[in-house]
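Here are some exercises to work through with the model open beside you. Try each task on your own before reading its solution.

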Amino acid sequence: MPYTPDLDRLLTPGACFTDEHGGYLIEVHPVGEIVLPTGRVVGCDPLVCPEAEPFTVTVPPGRYPARAWVAVVLREDTEVDRRVAAFELVVSAEPTSRWEPAVAGDQDVAALGADDYFGYGVDAGAGTLADPTALGVLESWDYDRVEQVFIPDKLPSSPVPGLITAVLDEASGANVVTVATGWGDGCYGTWIGRTADGRVTSFVTDFMVVPE
């Protein structure tokens, strides 16, 4: 079986993880809605690779709540840092019964080894789950405009590191919501939650902050 994080535990407000450095206390923060005019979902670093392929699993077009799962980093029971541990696009409020890797293009889960996973590369410290409609607009922007909107000199005050929301396609309302990706650049996998009868509940990108 390919690698799957313990998302049931991670996506629990108040969950606490520890390692040799200290503790990590999980908070959940609503970060608005993600508008999906096509019902397709792309996971990517939108500042570097907005042209990434969408996942093969789609949802009905619409507006879906998003949540940032933030790990409050504790040293001797004092908050010293906070990092986004996971980013979730909520499709349904029904309980998640199982998780499966989100795949894009011709990726084949059968080709993965026991500790392997598919993920998207991050090189600007930002991650999103967004509709290709919004990302296509972003792809056409020059760097100055990208920097002005998504890399401001001063980030808005928020308990969620790196949180930026911008509507990119006025006609459809398609937007991009970015969060800071865990400890920074890397390769991060996305998983799809399903109900017991197979309906999609959410897309979750794990930024690998908390210890296993």
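**Exercise 1.** Determine whether aspartate 77 is buried, partly exposed or exposed.

*Solution.* Aspartate 77 has a relative accessibility of 75%. Buried means under 20% relative accessible area, exposed over 50%, and partly exposed in between (1.4 Å probe, protein chains only). Aspartate 77 therefore counts as exposed. As for its place, aspartate 77 sits in the loop between β4 (62–75) and β5; strands (E, at least two residues) and helices (H or I, at least four) are DSSP runs, numbered from the N terminus. Its phi is positive, about 65 degrees, although aspartate 77 is not a glycine. Most residues other than glycine have a negative phi.

A word on the source: this is a predicted model, in which local features need pLDDT of at least 70 and side-chain atom pairs count only at pLDDT 80 or more, while totals for chains, interfaces and linings use all residues. Residues are numbered from 1 along each chain as its sequence is written, and side-chain values use heavy atoms, with hydrogens and water left out.

**Exercise 2.** Find the phi of methionine 208 and describe where the residue lies.

*Solution.* Start with the backbone: phi of methionine 208 is near 55 degrees, a positive value in a residue other than glycine. Next, locate methionine 208 in the segment after β12 (200–206). Finally, because its relative accessibility is 36%, methionine 208 counts as partly exposed.

**Exercise 3.** Which side chains make polar contacts with the side chain of glutamate 88?

*Solution.* First place the residue: glutamate 88 is in strand β5 (residues 78–90). With a relative accessible area of 5%, glutamate 88 is buried. A polar contact is a pair of N or O atoms within 3.5 Å; within protein, one must be able to donate a hydrogen and the other to accept it, and residues adjacent in sequence count only if both atoms are side-chain atoms. One such partner is the side chain of tryptophan 69, at 2.9 Å. Another is the side chain of serine 202, at 3.3 Å. Now widen the search to contacts (heavy atoms within 4.5 Å). Leaving aside neighbours within four places in sequence, glutamate 88 touches residues including Leu11, Pro65, Arg67, Phe203 and Val204.

**Exercise 4.** Trace how β1 and β2 are joined and paired, then look at glycine 22.

*Solution.* Strands β1 (residues 16–19) and β2 (residues 22–36) are antiparallel, with 4 bridges between them; two strands pair if DSSP finds at least two bridges. The hairpin that joins β1 to β2 runs through 2 residues. Beyond its neighbours within four places in sequence, glycine 22 is in contact with Phe17, Leu74 and Arg75.
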